[in-house]
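These are my notebook entries on a structure I examined. I record what I looked up and what I found.

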Amino acid sequence: MPTQQNPIWWKEMSVYQIWPRSFADGDNDGIGDLHGVLEKLDYIKALGVDAIWFSPLYPSPNADYGYDCADYKNIHPEYGDLELFKRVLDGAHARGMKVILDLVINHTSDHHEWFIKSKEGPQSEYHDYYYWRKGKKPGGKKPPNNWLSVFEGGAWEYDKNLDEYYLHVFAKGQPDLNIANPKVREEVKSILRFWLDMGVDGFREDVITYIAKREGLPNGFPLMPVGRGMEHWTSLPPVKEYLKEFKEVLDEYGAFTVGEAPMMTPKLAKEYITEEAGNLLDLMFHFQVMEADCFLIDWVGLPFSLKKLKKAFSVWQNEMYGAGWNANYIENHDHPRIINRYGSLKYRVASGKMLAAMYILQSGTPFIYQGQEIGMTNIALDRLDQFKDVMTFNNFKLFKKLGFSEERFVRLANRRSRENARTPIQWTAEKNGGFSETEPWFPVNPNYPEINVAAAEADPDSLLHWYRALLAFRKENPVVIHGKYTEHYKSSRSLYVYSQELDGKRLLVVCAFGEKPVQFSAPTGFDLTGAKQAFGNYAIPGIQTNNFVTKPWECRVYLWD
């Protein structure tokens, strides 16, 4: 029988992610800011979360909306300043919430002072802060290798003044840092200390497994249409050495870290987040649970597969138990809204509740993305020029080569673009969804009169109240946080059923995917007549039976004390 592990604050916590540009506009310029966050701290606290993770707040020219950092020790003027951030930080702490910042050290902005000085040439000490290389001979007019970026064509950009190329595995405005340079690592440590000294509690480390490049920068596998060369910049051995060095600083403050890593597997994660590996990171985000309706990336869509989704969750639950710790999520700033993907617009609230229970009641630390708690959905834009994201425009170039018209691509982007997660938060049924009195920087979803925080607050049966109840239930029942996970009905294409067990207590979660009724029978050893039904997204029946027929997108949660 599994027993409860020693409490660790980041295992017990739940986290709310803020993408600041679209969260709340406090100064009415159409752009979300820290004034808005300060005004909404009580709302965030009332959700029941224990920490806020901020997507980048740093000054940035917005080639990738803050993931192109121009100054690691400051706040973007559009969001506020350091004094305002300190007020938000202190306000969160006063309400018992931690604050986690995005740390983006694979690359900077091309507006960063380091990069500007690196362009002075090899005589500058900053030249080796980045990957500057001469072109291929003869003539030197071809890039140093055949790598392609993830965001924007070739991974090398030519500078005619230097007659050299710089590496960018993301957008052209995001030159890669040379973390192999000890001076750069010292800069990273200085950044960590700056924010930790201010009182920040930890970091989410962006594409952290990309920070080492293979010596010699060899050519990549030629058939890759994007991200060519990825095998030479993903999870190489030096990454662990660099993280070990940064951990010495982080440990001085007891700071929390969660890494983000494309192409991550449980086996590889164990090399970072287990005691045997030295706990280089506390948690690791992976993308596998977001691949149930696509092939590797959101843009290559496939029919939704519940079996694929269940396998992803189950593998991570089983592999991490007693070894590492899971970071559980179903939405963030990089993916379309989950109800459009894995749920149902027709049964928006019912499917939203089911999806929330499905992942929050698993062992691990749950992350909730802004707007997820009220069931926000994808937006439908009419024209390509209404989009903002560099990834969208790069994909347009790729799909155009495949014969897509602009009209057809816009329809695809409305389903698959991560910009669906970046529409302004819908606070009220008033103009612009109550986000701003000024026209927002990005269109508000037209469904804001029906889907908004104020309406959710007023409706006791809303998705918002369901999230609050789930998070409170998690805190009150260690079987949720630390329980041993077992999947049932593995072969079902309609039901996702799992149990959690800890110190004699058991939890059974039944999730029905789809509108069609499905016959459910309690797994062997689970007598529903002796259980408390803790949650149900339909009216809870007065008499429990071990067999029932599911309603559309039904969820039931049973607890045995």
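Is Glu515 exposed, partly exposed or buried? I found that Glu515, at 41% relative accessibility, counts as partly exposed; buried means under 20% relative accessible area, exposed over 50%, and partly exposed in between, with a 1.4 Å probe and protein chains only.

Entry 1: the source. I note that this is a predicted model, in which local features need pLDDT of at least 70, side-chain atom pairs count only at pLDDT 80 or more, and totals for chains, interfaces and linings use all residues. Residues are numbered from 1 along each chain as its sequence is written, and side-chain values use heavy atoms, with hydrogens and water left out.

Entry 2: salt bridges. I took a salt bridge to be a side-chain nitrogen of Lys or Arg within 4 Å of a carboxyl oxygen of Asp or Glu. My search of the whole structure gave 35 salt bridges.

I looked up Glu515 and found that it forms a salt bridge with Lys346, with the closest N and O atoms 3.4 Å apart. Glu515 lies in the loop between strand 16 (505-512) and strand 17 (519-521), and Lys346 in the loop between helix 10 and helix 11 (348-360), 169 residues apart. Helices (H or I, at least four residues) and strands (E, at least two) are DSSP runs, numbered from the N terminus. Lys346, at 61% relative accessibility, counts as exposed.

I next looked up Asp334 and Arg422, whose salt bridge has its closest N and O atoms 3.4 Å apart. Asp334 lies in the loop between strand 12 and helix 10, and Arg422 in the loop between helix 13 and helix 14 (453-458), so the pair ties together parts that are 88 residues apart in sequence. Both Asp334 and Arg422 are buried.

Entry 3: I found eight strands in an open sheet, in the order 9-8-7-3-2-1-13-12, with parallel pairing. Strand 9 (283-285) and strand 12 (327-328) are the edge strands, each pairing on one side only. Two strands pair if DSSP finds at least two bridges between them. Strand 7 (residues 202-205) and strand 8 (residues 256-260) pair over four bridges, and Arg204 has Val258 in strand 8 as its bridge partner.

Entry 4: helix 13. I looked up the buried residues of helix 13 (residues 406-416), among them Phe409, Val410 and Leu412. The buried residues of this helix pack against strand 10 (294-295), strand 11 (297-301), helix 10 (338-342) and helix 12 (390-401), where contact means heavy atoms within 4.5 Å.
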